[in-house]
Amino acid sequence: MAIYRKDDYFSLFEKSIFDILPGMAYYCKFIPSETDNPYDYKVILEYASSGSLELFGIPAKILLKQNWNVLERLMVIDDAKRTHIYCYEQVKQHKVYEVKYRIKLNNGLVKWVWDNGAGDYDENGNIIGMQGVIMDITEQKFQELELQEENKLLKASLSQVNGLGNIIGNCKAMQNVYELIMKASENDMNVIIYGETGCGKDLVAKAIHEFSGKKGAYVPVNCGAIPEQLMESEFFGHTKGSFSGAYANKNGFIAAADNGTLFLDEIGEIPLNLQVKLLRTLENRTYIPLGSNVAKNSNFRLIAATHRNLAQMVQDKLMRSDFFYRINVLEIYLPPLRERDNDIFLLIDAYLKKKNANIKLPMKVRLAVQNYHWPGNVRELHNFLDRYLFLGESALNSLQFNEEDNFLMSLSSDSLSHKDAMEAFEKQLIAKALKQNNGNTLHCAEQLDLNLRTLQRKIKQLQIR
């Protein structure tokens, strides 16, 4: 079998070994960057084994004629940029690189390949080349993707009764949220979760991370809890001596989230000067620690959350428009608890079960929680349940009710029979409708969907003034 090369790098023994290897062995000459950006380097293909024909459908001698960055030109564009940066970072540190990416063949088909290689260095340790082996893993990758999809469908089907993963709720609004979670888990696009304080935005972010199957860490960050003067160091890390108190090198949130998910809660609290630096990192997934001049790479996925109107913040010059459009790719709106129909009882049951509290809430308490506004959403509900488990019904004093809510709660009194309770409720309902219609019985009957004579009889019977 033939070997095609430009220089005599390999012995006859090595030729035969490379020709029988599955996939393609290669050697590329390294051309350093001529700009300030070290990632502007280029590579020239100087050796390719005959396995290129089976792998790419292109004979090795043709690849060598198109040698300038030829391997990267075969890659899917999104994968090429990521791979270009990753391989340089590994080789620069004298480490091997191992990466999976997609290549697009001339017939339009896409293959998944596994590239395992290392750098070649001169006597001074400078990079002069990159060498490795590329193998076809399409079948294994598709099996992996199919398994992930089956996993997602299984988890979704098991959770549809009461929720998705650790998220509780089965109302229509939450079903829409679940659908977006599954879509977000299928790719790495930036996600922004909008919702009031306490409604569970962190649970949505963690569900996306878990369903995406990422091997890296889930790194949650509360942007509102970090002092502004420490934000850059916390995000990008710092080197020893970079500022007073920096006694050692320290990685930041971005490094910790490599190959995982960076969740930025309350992203509206990030100041404008840091937005500029984060924007650069989001565009090329590179960052420079405080006190260093060496760029590092982190292949993280960004999920942000806020209770604020970010579009209005852009109008008010409190957020950069380019930063806003970078983070605001896929929007997920998490509804407040008051708009989630009867989800509140699912949430109560799940929380009490978690607390190992085998109790059933009395009607008075159930009416109270059902009619309360819950401005603090699920977090406030959990707080109330903790107080109820400790204080009993006196915990209701912490909830503020209007006149109608107090009336509904009074219907649960043990002194009322079912007949008396129904009459009291009907009386309250008619009295309220009469008040809304300024005493006009005709309009009141239409509102209540009652015959006028039936309404007049009930007014007299229930002694409604």
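Modeller: Two strands are taken to pair if DSSP finds at least two bridges between them. Strand β4 covers residues 97-104 and strand β5 residues 110-121; they run antiparallel and are joined by eight bridges. Within this pairing, Arg 102 has Trp 112 of β5 as its bridge partner. Five residues lie between β4 and β5 in their hairpin, and in that turn Gly 108 has a positive phi of about 95°.

The next pairing is also antiparallel: nine bridges link β5 to strand β6, residues 127-136. Here Met 130 of β6 is the residue opposite Gly 119. The hairpin of β5 and β6 likewise has five residues between its strands, and Gly 125 in it takes a positive phi near 85°. β5 therefore pairs with β4 and with β6.

In soluble globular proteins, nonpolar side chains tend to be buried together. The largest nonpolar core in this model has 34 residues, of which Met 24, Phe 56 and Ile 134 touch the most other members. β4 and β6 are among the elements that give two or more residues to this core, along with β2 (24-31), β3 (42-48), α2 (52-56), α3 (60-65), α4 (70-74) and α5 (77-92). The largest share, five residues, comes from α5. Beyond four places in sequence, Ile 134 touches residues that include Met 24, Phe 56 and Leu 71, as well as Tyr 101, Val 113 and Trp 114. Apart from this core lies another, of 31 residues, among them Val 221, Leu 262, Ile 267 and Leu 274.

Elsewhere, α14 can be described by its burial and its neighbours. The helix has 12 residues and reaches 17 Å from first C-alpha to last, close to the expected 16 Å. Its buried residues include Phe 345, Leu 347, Ile 348 and Tyr 351, and the buried residues of α14 pack against β8 (167-168), α7 (172-184), α15 (363-371) and α16 (377-391). Asn 356, which follows α14, has a positive phi near 55°.

Arg 340 sits in the loop between β15 (330-333) and α14. Arg 340 counts as buried because its relative accessibility is 3%, and the limit is under 20%. Its contacts beyond four places in sequence include Ile 168, Cys 171, Leu 347 and Val 378. Cys 171 is itself buried, at a relative accessible area of 5%, and Cys 199 is buried at 5% too. The structure has zero disulfides.

As for confidence, the protein averages a pLDDT of 84, and 87% of the residues score at least 70. Strand β9 (residues 191-194) has the highest mean, 97, whereas strand β1 (residues 4-5) has the lowest, 43. Over residues 1-13 the pLDDT stays under 50, although the model has 27 contacts beyond four places in sequence for them. Where pLDDT is low, the predicted coordinates should not be read in detail.

Note on methods:
Residues are numbered from 1 along each chain as its sequence is written. This is a predicted model: local features need pLDDT of at least 70, side-chain atom pairs count only at pLDDT 80 or more; totals for chains, interfaces and linings use all residues. Side-chain values use heavy atoms; hydrogens and water are left out. A disulfide is a pair of cysteine sulfur atoms within 2.5 Å. Buried means under 20% relative accessible area, exposed over 50%, partly exposed in between (1.4 Å probe, protein chains only). Helices (H or I, at least four residues) and strands (E, at least two) are DSSP runs, numbered from the N terminus. Contact means heavy atoms within 4.5 Å. A nonpolar core is a set of buried Ala, Val, Leu, Ile, Met, Phe, Trp, Tyr and Cys residues joined through side-chain atoms within 4.5 Å. The expected span of a helix is 1.5 Å times one less than its number of residues. pLDDT is the predictor's confidence in each residue, from 0 to 100.
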